[in-house]
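Here is a short note to read with the model open. Please follow the points in order.

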Amino acid sequence: HLGARPALKISSDTTNAVAINKLGLYNPSAALVNGTQLLMANALLGERWTATGALHAAKVTTEIYKRKTGFEGTTNPDIGILRQLDVDIQQGLESGAGYSKFNQMGRLFRSTTALFQKVEFGLRATTGLGAYYKALSEGKGKAEAIQYAKDINRRVNFDYSIADAPDFIRRSGPLGQIAFQFKKFPIKAMEFMGSLKGIENVRFWVPYALIAGYYGFPGMEAVKNIIFGLTGKDLELETKNHLITWAGDDPEKKAIAKTIFYGAFANEELGGIDVSRRVGGGDFIPSRTSDIFGPAFSSAVRATQMVASEHWVEALREVSTAPGNIAIALRNDGEITSPWDRDRLTVKLDTKGRVLKAVGFGTTQESVERDVSRVIRYKEAKQRFDEKAAIDAYIKADKSGDQKALDKAIDRFIGLGMGAGTGARVKEEMQKKEMTKSERTFEALSKKGKAREMNIFEFAGQP
């Protein structure tokens, strides 16, 4: 039954389904990546009080577990403090309108996101207790310390209530609930980053950059696209090209390059996983049209594309992340293929890689294979572009009889490594510049192609 407000009911059911399929169904990587919010607590509290909060939170968790499993517990005042901080009711998963959804979800979600909820509780408990004891150490009274801890927890872990939602989200209506699902976190994260002062910036940005790599910096994707539009240069691939060339086969230099590209966990000693795009805010400004309309729409579009091309496992992953990851890890003895590249092999994962894939992490091995291919294609495309520009400059200088420009063009040929055959290419381009567009297209065809397309080509002839 849709009830008296069918649009609101549909949007609520849609966001519930997306939350279950993206974060639920036993998706451990979502929970573990969520743990990086501890960096925010560290920024405001410092290492000492973050560690103090973590120690007290661990004792609370142990005490709660004892009570739930029937063991005799002990009195722990921190449990009462957490109740005063509302930690038990502020688990962070928002609807599009800014409300907390944990209490709205059914048993399936609650049972399959147990790890996510435990991590979320641990983050809030660590931050709240760390802030509380820090305030007491500074001479604040208990009531003042409680309020301070609430304020810090709200800044670090956010308050997923309607009061803390951005105004445009609150006013976006049922469609906005769908479009802005999961968007509140990055918005609040940007607010947090912008509010940091002095040493807080160092305590946040240094570990954040180490974990997320260059992609951690907010809006990096948009900056890259703007620079490419203005200059034709891809900032990301230019950087990766230089660092890959610099690193060569040196293990230490390669470790530095991987850390810059994908974060410190990309190195095998720390896991061999790429969390840069999961943790970083590089894509804070959406670059794909489908992403603007929220995860429900973008997932539906990509799943439809996968179904249309009969890539059933990839379609499953687009709809439901955890089962899809497991299916991909189990198939074809760890062979990862690309549905966008004619099902060609991308990489073959070892046992460790398959386990990481199954629990939802992208492996460094996949990222390196992808980026090496991208860098090579980018460099070769740039080489072809520069060679064409050099040939055009030569032809222009030849027509104008400018000997100085001719010499400069020849120097460009040499600098680009254009050896034997350059003269023939120049002659061919001179001829093509005298052809019409359809003539150039037709001339580039094979003999069989010309036979197939002759009737089309003849349409361009003069009447």
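1. Start with D333. D333 sits in the loop between helix 19 (321–330) and strand 2 (335–338). Helices (H or I, at least four residues) and strands (E, at least two) are DSSP runs, numbered from the N terminus. D333 is partly exposed, at 47% relative accessible area. Buried means under 20% relative accessible area, exposed means over 50%, and partly exposed lies in between (1.4 Å probe, protein chains only). The phi angle of D333 is near 55°, a positive value in a residue other than glycine.

2. A word on the basis. This is a predicted model, in which local features need pLDDT of at least 70, side-chain atom pairs count only at pLDDT 80 or more, and totals for chains, interfaces and linings use all residues. Residues are numbered from 1 along each chain as its sequence is written, and side-chain values use heavy atoms, with hydrogens and water left out.

3. Now E310. E310 belongs to the loop between helix 17 (295–308) and helix 18 (312–319). With a relative accessible area of 58%, E310 is exposed. Phi of E310 is near 60°, again positive in a residue other than glycine. E310 and P339 are 29 residues apart along the chain, and their C-alpha atoms are separated by 9.4 Å.

4. Next, D250. This residue lies in the loop between helix 13 (235–247) and helix 14 (251–262). D250 is partly exposed, at 33% relative accessibility. A polar atom of the D250 side chain lies 2.9 Å from the backbone nitrogen of E252. For reference, a polar contact is a pair of N or O atoms within 3.5 Å; within protein, one must be able to donate a hydrogen and the other to accept it, and residues adjacent in sequence count only if both atoms are side-chain atoms. D250 and G282 are 32 residues apart in sequence and 28 Å apart in space, C-alpha to C-alpha.

5. Look at the rings. How many aromatic pairs does the structure hold? The structure holds 12 aromatic pairs. F204 and Y208 make one that is stacked, with 4.9 Å centre to centre and 20° between the planes. Rings of Phe, Tyr and Trp (its six-membered ring) pair if their centres lie within 6.5 Å; planes under 30 degrees apart count as stacked, over 60 as edge-to-face and the rest as tilted. F204 and Y208 are four residues apart in helix 11 (residues 199–212), so about one helical turn separates them. F204 is buried at 1% relative accessibility, and Y208 is buried at 6%.

6. Another pair is F293 with F297. This pair is edge-to-face, at 5.3 Å centre to centre and 70° between the planes. F293 is partly exposed, at 42% relative accessible area. F297 is partly exposed too, at 39%. Elsewhere, F192, F204, W205, Y208 and F217 form one aromatic cluster.

7. Two charges sit over rings. R277 lies over the face of Y215, at 4.1 Å from the ring centre. K240 lies over the face of F261, at 5.6 Å from the ring centre. The rule asks for NZ of Lys or CZ of Arg within 6 Å of the ring centre and within 35 degrees of the ring normal.

8. On a 1 Å grid over the protein atoms alone, a cavity is a set of points where a 1.4 Å probe fits but cannot get out, and lining residues have an atom within 4 Å of a point. The largest cavity holds about 40 Å³ of space. Its lining consists of Y214, Y215, K240, F261, Y262, D274, S276, R277 and R370. Helix 14 and helix 15 (276–279) each supply at least two of the lining residues. By class, the lining has four nonpolar, one polar and four charged residues. Ala, Val, Leu, Ile, Met, Phe, Trp, Tyr, Cys and Pro count as nonpolar, Asp, Glu, Lys and Arg as charged, and the others, Gly among them, as polar.

9. Last, G128. G128 is in helix 6 (residues 114–137). G128 is buried, with a relative accessible area of 0%. G128 and R344 are 216 residues apart in sequence and 50 Å apart in space, C-alpha to C-alpha.

Technical notes: 1 Å grid on protein atoms, 1.4 Å probe; cavity = no way out; pocket = protein on both sides within 12 Å on 5 of 7 lines; lining within 4 Å. Points joined across faces, edges and corners; volume = space filled by probe spheres on them.
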